[in-house]
Amino acid sequence: GNWQVLNFSAFESANVTLSQHYCYLTEFSNEKKLPGSVLTDLEKAFQQLRELGVKSVLRFAYETDIKPMGKGLGPSLENILSHMDQLKPLLENNQDVIYLLEVGFLGTWGEWHNMQKIHWSDYSAKAEIVKKSLEVLPQSRMITIRSPYHLKTILNTPLLASWDKEVSAKTAFTATPIASCLLYTSDAADD
């Protein structure tokens with residue numbers, strides 16, 4: 001449960017102010033609650049970012065390598081949502097150093113593929129994680145979703161069916177769900 005910020009001294013002359021950070025919760029996949037030490041480590045890491053003047057593109061993940069799907073090694077949806085609730089105060093207290101949250105949590109490297117317990121086509125589970133992400137992240141921050149396909153599919157699930165599907169000039173700079181998650185993250189050229 002130790003999360004460390006890389007040594008930024010090598011980048012000082014380049015004035016780096018934005019960096020991607022993965023927080024792996026691998027060893028807590030089967031735990032309903034995160035230990036207090038994990039939250040303390042994360043708080044210290046955010047403080048270090050603050051001292052360095054760096055904002056974080058933040059992603060939480062559990063699974064770190066590609067394994068045959070369905071082996072039951074990853075987190076359950078219940079555990080992910082519980083962990084997200086625990087992270088809410090931390091995210092609120094450190095919103096000044098969070099640039100955005102990549103909605104990871106599922107699959108290898110939080111990229112929403114090769115999930116172990118939740119099937120890759122379970123868009124209801126993905127929708128719950130997106131909805132919870134918007135609940136735990138302060139409205140001043142945005143979230144990103146893995147690909148436009150995921151976003152479109154999630155918006156058509158029963159849980160999110162009532163959300164507006166388009167951003168207009170009137171809603172673009174509001175905290176409406178679609179305006180808050182309009183961005184998408186591509187970790188590969190074929191996403």
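Colleague: At what angle do α1 and helix α2 pack, and is their arrangement roughly parallel or roughly antiparallel?

Modeller: In this predicted model, α1 and helix α2 (residues 77-93) have axes 11 Å apart and pack at an angle of about 15°. Angles under 35 degrees count as roughly parallel, and the arrangement of α1 relative to α2 is therefore roughly parallel.

Colleague: Which hand does the crossing of α1 and α2 have, and which hand does the β-α-β unit made by β1, helix α1 and β2 have?

Modeller: The crossing of α1 and α2 is right-handed. Helix α1 (residues 36-52) also belongs to a β-α-β unit with β1 and β2, and the hand of that unit is right-handed.

Colleague: Over how many bridges do strand β1 and β2 pair, and in which sense?

Modeller: One of the pairs involved is formed by Y24 and its bridge partner in β2, A61. Strand β1 (residues 18-24) and β2 run in the parallel sense, and the number of bridges over which they pair is seven.

Colleague: Which residue in β3 is the bridge partner of S56?

Modeller: Strand β3 (residues 98-102) runs parallel to β2, to which it is joined by four bridges. For S56, the bridge partner in β3 is I98.

Colleague: Is strand β2 largely enclosed or largely open, and how many of its residues are buried?

Modeller: Strand β2 covers residues 55-61 and is largely enclosed by the rest of the structure, because the number of its seven residues that are buried is six. For the protein as a whole, the share of the 191 residues that count as buried is 46%.

Colleague: Does R59 count as buried or exposed, and which side chain does the side chain of R59 contact?

Modeller: R59 is found in strand β2, and with a relative accessibility of 3%, against a limit of under 20% for buried, this residue counts as buried. The side chain of R59 makes a polar contact at 2.7 Å, and the partner is the side chain of E102.

Colleague: Where is L106 found, and what distance separates the C-alpha atoms of L106 and Q116?

Modeller: L106 is found in the loop between β3 and α3 (123-136), and at 2% relative accessibility this residue counts as buried. Although L106 and Q116 are 10 residues apart along the chain, the separation of their C-alpha atoms is 8.8 Å.

Colleague: How many helices and strands does the protein have, and what pattern does it follow along the sequence?

Modeller: The protein has five helices and five strands. Read along the sequence, these elements follow the pattern β-α-β-α-β-α-β-α-α-β.

Technical notes. Residues are numbered from 1 along each chain as its sequence is written. This is a predicted model: local features need pLDDT of at least 70, side-chain atom pairs count only at pLDDT 80 or more; totals for chains, interfaces and linings use all residues. Side-chain values use heavy atoms; hydrogens and water are left out. Buried means under 20% relative accessible area, exposed over 50%, partly exposed in between (1.4 Å probe, protein chains only). Helices (H or I, at least four residues) and strands (E, at least two) are DSSP runs, numbered from the N terminus. Two strands pair if DSSP finds at least two bridges between them. A crossover is right-handed if, with the strands pointing away from the viewer, the path from the first strand over the helix to the second runs clockwise. A polar contact is a pair of N or O atoms within 3.5 Å; within protein, one must be able to donate a hydrogen and the other to accept it, and residues adjacent in sequence count only if both atoms are side-chain atoms. Axes are lines fitted to C-alpha atoms, for helices over the stretch in contact, and angles run from 0 to 180 degrees between N-to-C directions. Angles under 35 degrees count as roughly parallel, over 145 as roughly antiparallel, 65 to 115 as roughly perpendicular and the rest as oblique. A crossing is left-handed if the near helix is turned anticlockwise from the far one by less than a right angle, and right-handed if clockwise.
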